[in-house]
Amino acid sequence: MKTNFSRRWFVKGLAAVAVIASFPGAAFARATGAFKADKTDSVVNVLFGDLPIEASSQITFRLPDIAENGAVVPATVATEIEDVTQIAIVIDENPNPLSAVFDIGESSVADVSTRIKVGKSSVARAYVKSRGRVFMTIREVKVTIGGCGG
Amino acid sequence: MTVKPVKIRGRLKGVIANIKCLMPHPMETGTRRDDAGELIPAHYIRTVTCLHNDSEVMTAHWGPSVSKDPYFSFKIKTASVGDSIKVSWVDNLGETSSGDIVLK
Amino acid sequence: MTRGTVCLVALLAGAGSASADPESDRQALARYFEQRFPDVEVAAHIDGAYALNAQTREQWLAMEDFPPYEFSVDDGEVLFGASFKDGSGYQDCFGDGNVKAHFPYFDLKEQSVVTLELAINDCRVASGEEPLAYDGEDIALLSAYMAFTSRDSVIDIEVPPEGLAAYEEGKQYYYSRRGQLNFSCSHCHMQMSGMKLRAETLSATIGHVTHWPVYRLKWQEIGPLHRRFKECNEQVGAEGLEYQSETYRNLEYFLTYMSQGLPLNGPASRK
Amino acid sequence: MKRFIALSSMLFVCLLAQANQLTMESVSEQILQAESLHQEARTVGHGWVVTLKLIEQAKAALADDQLIKADELSKRALGTALASVTQSIKEKRVWRSRKPSS
């Protein structure tokens with residue numbers, strides 16, 4: 001079964017070619033630009049273009065209110081929304097707000113967890129894309145030890 | 001640095017497989033300095049690809065703000081005993097690694 | 001110096017006061033924490049501050065689900081299984097590695113406290129290998145593996161009469177004010193335990209040694225108990241001592257007896 | 001306690017002497033005093049990080065011919081070194097009061 005990943009951004013450059021070459025056949029959509037963006041607005045613009053962002057209560061975004069250590073903050077995004085193709089985690093106050101994008105295949109559950117760095121107390125956003133619509137939920141995370149110096 | 005394999009654990013609950021992985025990797029942001037005050041070059045995993053019986057079910061794209069020795073867990077909808085799971089990554093320096101398990 | 005101090009302590013100990021009895025010290029301390037935290041079982045303190053703070057405990061459990069120290073345990077297993085030049089290996093000294101419950105112990109011949117780290121180097125030197133640096137990675141990895149194989153074993157150490165002076169020195173170190181901030185270990189981990197020092201919940205004395213070595217998020221690597229001792233010292237403006245110095249070994253001896261009877265749960269992840 | 005009094009008076013005399021004239025020798029002597037007191041505290045596990053820092057700064061100032069600054073720094077070093085020795089002496093006496101009674 002092939003996954004239906006967005007092909008919006010094809011990455012240019014040799015590095016990308018190398019990566020593609022090492023994953024023959026992988027549907028590939030790396031948003032280099034989105035990871036380099038230094039504002040949440042620009043991240044969203046690269047990832048979702050002009051699509052309106054709809055606040056949603058159907059997204060479970062688990063993130064501690066107060067992070068034990070900003071270098072390692074557990075984050076989970078899960079949703080009951082159907083046909084999810086993409087999940088993204090954005091930390092407004094990080095130098096580059098985009099932390100991770102997950103391309104969710106048809107046979108995967110929209111439920112991912114990872115651990116991320118949060119430089120200082122910040123608004124955190126989880127985005128979920130489904131059937132051409134983008135949903136978002138917000139959390140706030142307080143950081144007492146920065147994730148960068150440690 | 002020697003590249004180490006991805007460590008994977010899978011648990012089947014009915015037809016849903018909960019997959020957890022840990023990938024040894026420095027995940028350097030490129031903004032940290034070493035003891036001598038020199039910038040440590042960026043070194044981070046960019047793409048993680050997850051295969052279920054050789055077909056791709058999940059791809060993660062990461063920036064350097066994923067924590068050191070990244071942890072990643074996801075779920076597969078229709079899995080059964082004997083299915084294979086493979087997780088591999090590529091970093092910004094072109095290094096790769098992977099790991100695989102068979103669901104029990 | 002220490003000889004003088006030890007003599008003094010030995011004299012005091014020999015005076016037959018109840019304070020020289022590790023078991024009554026342990027019971028008094030356990031009672032102290034039972035009264036301070038009526039809702040927390042003494043054994044629960046092996047999780048340190050996570051026994052006292054539900055919110056941080058949740059994050060910690062998320063870490064422990066697939067903790068970063070698993071690689072250290074794996075690497076330690078490889079080191080543990082490797083042979084020395086003379087064909088022997090760590091197994092000849094430590095069997096399967098499940099020995100941590102009986103460390104540290106007082107060595108009658110050497111008249112000093114032997115920690116697991118010291119024993120690892122003794123094992124190496126006996127086979128003609130170079131000792132490992134106590135602040136190096138290898139010894140942390142080896143002890144991580146041995147902590148892992150020793151998990152759930154119950155701490156069971158002895159303080160023979162000859163070891164009392166060392167135990168007392170460790171105890172004195174624990175209860176003495178130190179550094180420019182003028183704090184003793186006990187100020188933070190008894191009187192202020194469960195309270196917050198800035199954003200940190202202070203853990204209880206009991207259970208302090210059960211989970212080492214620890215992968216500290218702050219360190220971004222696994223490190224030994226004595227590294228934490230040194231850090232604690234420096235946090236109150238006191239000069240830290242060498243890893244495996246006699247004083248730190250005595251401190252570990254005292255603290256381990258205070259956790260006598262509790263299960264080992266190392267290695268662990270910490271903030 | 002005798003030792004403590006001896007040390008304190010030594011410090012006092014030393015500070016008095018400094019009041020009169022500031023020379024390279026007098027300041028280095030002062031640094032040496034601080035170092036020796038610091039060593040005294042350190043051998044009984046009571047060295048303070050700040051003392052070492054001040055001593056180093058004083059030495060650097062002296063090497064840089066900044067006599068007044070070196071004098072100030074070494075005086076502060078003497079002060080914290082003496083406090084650390086005092087702490088070690090006092091603690092020998094009072095530490096037992098902190099352990100829970102059996």
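Helices (DSSP runs of H or I, at least four residues) and strands (DSSP runs of E, at least two) are numbered from the N terminus, and two strands are taken to pair if DSSP finds at least two bridges between them. Because the model is predicted, local features need pLDDT of at least 70 and side-chain atom pairs count only at pLDDT 80 or more, while totals for chains, interfaces and linings use all residues. Residues are numbered from 1 along each chain as its sequence is written, chains are lettered from A and ligands numbered from 1 in the order in which they are written, and side-chain values use heavy atoms, with hydrogens and water left out.

Strand 3 (residues 66-67) of chain A runs parallel to strand 9, joined by two bridges. Strand 1 (residues 53-55) of chain A is also parallel to strand 9, here through three bridges, with A:Glu54 partnered by A:Phe135. With strand 8 (residues 122-130) of chain A the sense is antiparallel, over nine bridges; A:Ser122 has A:Val141 as its partner in strand 9. The hairpin of strands 8 and 9 leaves two residues between the strands, and A:Arg131 takes a positive phi near 45° there.

The loop between strand 1 and strand 2 (59-62) of chain A holds A:Ser56. This residue counts as buried because its relative accessibility is 11%, where buried means under 20% relative accessible area, exposed over 50% and partly exposed in between (1.4 Å probe, protein chains only). Apart from neighbours within four places in sequence, A:Ser56 is in contact (heavy atoms within 4.5 Å) with A:Ile81, A:Phe135, A:Met136 and A:Thr137. A polar atom of the A:Ser56 side chain also lies 2.9 Å from the backbone nitrogen of A:Gln58.

Four bridges pair strand 2 with strand 4 (residues 73-79) of chain A in the antiparallel sense, and A:Thr79 is the partner of A:Ile59.

Turning to the interface, 37 residues of chain A are in contact with 33 residues of chain B. The two chains bury about 2900 Å² between them, 51% of it on carbon and sulfur atoms; buried area is the accessible area (1.4 Å probe) that two parts lose on being put together, summed over both.

One salt bridge is found across the interface, a salt bridge being a side-chain nitrogen of Lys or Arg within 4 Å of a carboxyl oxygen of Asp or Glu. It joins the side chains of B:Lys75 and A:Asp111 (2.7 Å, N to O). On the side of chain A that touches chain B, helix 1 (14-22), strand 6 (98-104) and strand 7 (108-116) each supply at least two residues. Strand 7 gives the most, with eight residues.

Note on methods. A polar contact is a pair of N or O atoms within 3.5 Å; within protein, one must be able to donate a hydrogen and the other to accept it, and residues adjacent in sequence count only if both atoms are side-chain atoms.
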